[in-house]
Amino acid sequence: MIEISSEGDGRPVEVGARSTVPATLPVLPLRESVPLPDTLTPLAIGQERSIALVNDVLAGDRMLVMLASRRPELEEPGPGDLHGVGVVGAVARMIKVPDGTLRILVQGAQRVRIEEWAGERPYLVARVAELPDVVVESTELTALMRNVQETFMQIVEQVPYLPEELQLAVANIDDPSALSHLIAGSLRMKTEEKQELLEEVDVARRLRRLTEILARELEVISIGSRIQSQVQEEIDKGQREYVLRQQLKAIQEELGEFDESAEEARELREQLDALALPEEVRKQADRELRRLEQLPPQAAEHGVIRTYLEWLASLPWGVTTEDDLDLAHAREVLDDDHYDIEQVKDRILEFLAVRRLKPDARGSILCFVGPPGVGKTSLGRSIARALGRRFERISVGGVRDESEIRGHRRTYVGAMPGTIIRALRDAGSSNPLFMIDEIDKMGSDFRGDPSSAMLEVLDPEQNSTFRDHYLDVPFDLSHVMFVCTANELDRVPGPLRDRMEVIALAGYTEDEKLQIAKRYLVPRQVERNGLRKSWISIGDKALRRVIADYTREAGVRNLEREIGAICRKVAREIAERDGDAKVTRRRIGPDEVRELLGRPRFQPDARKRTRAPGVATGLAWTPVGGDVLFIEASATPGSGKLLLTGQLGDVMKESAQAALTWVKGRAHEIAPGLPDSWFADHDIHLHVPAGATPKDGPSAGITMATALASLISGRCVREDVAMTGEITLQGQVLPIGGLKEKALAAQRAGLSTVIAPLDNEADAEDVPEHLRRRLDFVFVDDADRVLETALAAPA
């Protein structure tokens, strides 16, 4: 070793020398290991060339050079893959292992530098030169040595893999170079850092670098100890709380005491643990449970949190019912519950077919639109029964508060979830069928717009993360099948209507009502009124009499009431008989209907009303179905004014003006011989009876024109004709809506001919075939054709 003294002129002075290093030595590459001078290095030898090298060395002077590899992944690194500085060592011991590999122990000696490579086969051989340490004695070197010793001793005390004997060994080393080699060989550090220390010949700089590495290692150990301490404290705290709780429970059981609050929290925890809660909901539930356990029962918030957790535990998280996708069974159920309405049944079967082919398909939102009593709600029950789903009905008619849908926030007193979450709880399943009734009757005020809140519920793209204000956690509504009902589609907001598939239920014909009464209404009323089938029989003629004379509706709700009234009266007759007298079958015919229900409530008056000129029969659409509308025209001496009565809306008033203008322009063709000054000398009065009922709509134009034409020509309107359509000043007839409902109204009124716009000819396909055979549809595109059909021949 060369030692440089700080005395004198500072030139290097050799103070000692080791054994001479041979000029040429075999080279043993090391993988992920760096040799250090003056240290014992255990090595495992497995490569063939390395085994041959060791065998040759043991047969000679036992000397070799150990070099660290730059690329540890290589099996046989070449000269360019090895570092240029290594350590000369002597093989002190060798053991052969049964698997053919060797275990050797090499005593490191001097640091050397590769001068030139002398060969690569059968193993690497190189000419080397010794690379001695350079030591400059100074107080800084002494301070560095002491700092390294103290820091390393602290590390030994905190690191379990370093033996305590190293503290004594380090304290007794006076040689700074040997000290750096011993510490570098003991620590677990990166290969690059250890190679850097090996190649550094200036001992002071090596110690300074080693100080930095030791300081970093001590900081890492300190942080790790702090983390371990914190983890251990938490574990100890948890174990302590568990032991104390178990002891407290045992003490309470011995004393016969019972902590209701703790028991409630435990039951809630058990209920929530048994549910398949989403991760976000689980975190919220655990957080609230911890708060509940910490609060005393007397705290005001205790009851609020308990109620909230009870709601979470009562919801069907992940609970579903299996859909019955048997199309034949579904068809059978729908046919059993409802007569006709093939369009609706086909749509339900299509939904089942798609779900059968693609189980995760999202179903559309169905909306049944039609007058009351046509079976919209009962149809929803049948769909649920066909699918095998739970059924829940939600009535939103008159709802004006958004919180009724989304729920109230928990900050309010008496807060609770909205109707959607409450219905899910009642259903006990996350994929029920929800019937949202009267969706067209939702309102809005200062408390919010519930129809806007309903957008999220009914939108398949949003309802998978529906968030009720009370729960404040998302709930997946995408598996719920929604069916809505409405009487008027126009009153449903546009964005809400856009998310629904509308299916119209216009109403029933007389024949359909007869079949519905025979199949469903009569058996149900017989059973509800305590009768037996053998006690009462209601014939077809009797049912037709009830339909024609005692009801005037699109649905069958009033029809069922009248049938129920017949059954109640028969039940009274049976109950008033003596004791065990044998009950004879009561047969109900048309005459018995008059006897039991009294005088008819409705009389067909269309034929009587049109016996005088100036009266025309029109057809109108209403929220409760189609209806017959009479328009009367009368003329009195005056100054040519037009008077309109009957609570007409602006649209009908404008239709009257247009009809009058067209009739004036065609007056001589309609009524030959009419004086030119007739309109100037007379006031025209148009009246639509039932003046207490507001009326409006764009379909009364041709009816008004026909009434005016009948008035000036003196020709009566045919008593079997009804009409609908708007008129222009040129006499064109414009299309209208609701042709099916109006055709049903014409049938109920006993009319046989319906005049309608030519553009509505395709809509006649919606009218039941048996009704089309009974009604004569006349489709026209100008008002002259209307008059040709509607006005009777001159007397």
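Arg491 is partly exposed, with a relative accessible area of 47%; buried denotes under 20% relative accessible area, exposed over 50%, and partly exposed the range in between (1.4 Å probe, protein chains only). The structure is a predicted model, in which local features require pLDDT of at least 70 and side-chain atom pairs count only at pLDDT 80 or more, whereas totals for chains, interfaces and linings use all residues. Residues are numbered from 1 along each chain as its sequence is written, and side-chain values use heavy atoms, with hydrogens and water left out.

## Salt bridges

The side chain of Arg491 meets that of Glu488 in a salt bridge with an N to O distance of 3.6 Å. The term denotes a side-chain nitrogen of Lys or Arg within 4 Å of a carboxyl oxygen of Asp or Glu. By this rule the model contains 53 salt bridges.

Another of these pairs is Arg209 and Glu196, whose closest N and O atoms are 3.5 Å apart. Helices (H or I, at least four residues) and strands (E, at least two) are DSSP runs, numbered from the N terminus. Both residues also take part in a network of salt bridges that links Glu193, Glu196, Arg209, Glu212 and Arg216.

Arg355 and Asp323 form a further salt bridge, with 3.4 Å between the closest N and O atoms. Arg355 lies in helix H11 (residues 342-357), while Asp323 occupies the loop between helix H9 (300-314) and helix H10 (327-337), so the contact ties together parts that are 32 residues apart in sequence.

| Residue | Relative accessible area | Class |
|---|---|---|
| Arg209 | 24% | partly exposed |
| Glu196 | 41% | partly exposed |
| Arg355 | 11% | buried |
| Asp323 | 17% | buried |
| Thr151 | 12% | buried |
| Arg206 | 2% | buried |

Contact here means heavy atoms within 4.5 Å.

Three of these strands, S9, S14 and S15, belong to an open sheet of five strands with the order S10-S11-S14-S9-S15 and parallel pairing. Its edges are strand S10 (391-395) and S15, each of which pairs on one side only. From one strand to the next the twist averages 25°. Two strands count as paired if DSSP finds at least two bridges between them. S9 and S15, which run parallel, are joined by five bridges, and Leu366 stands opposite Glu501 in S15.

H11 lies across S9, S14 and S15, at about 150° to S15. Helix H15 (residues 450-458) lies across S9, strand S11 (433-437), S14 and S15, at about 145° to S14. Such angles run from 0 to 180 degrees between N-to-C directions, with axes fitted as lines to C-alpha atoms, for helices over the stretch in contact.

## Nonpolar cores

A nonpolar core is a set of buried Ala, Val, Leu, Ile, Met, Phe, Trp, Tyr and Cys residues joined through side-chain atoms within 4.5 Å. The largest one has 54 residues, and those with the most contacts inside it are Phe368, Leu531, Ile538, Ile563, Ile566 and Ile588. Helix H19 (residues 557-575) gives the most to this core, contributing eight residues. A second, separate core of 51 residues includes Ala285, Leu315, Val399 and Ala486.

Leaving out residues up to four places away in sequence, Ile588 touches Ile536, Ser537, Ile538, Gly539, Ala542, Ile566, Val570, Val593 and Leu596.

Thr151 is located in helix H2 (residues 139-158). Residues up to four places away in sequence aside, Thr151 touches Leu214, Ala215 and Leu218.

Arg206 is located in helix H6. With neighbours within four places in sequence set aside, the contacts of Arg206 are Arg111, Asp133, Ser177, Ser180, His181, Leu197, Glu200 and Val201.
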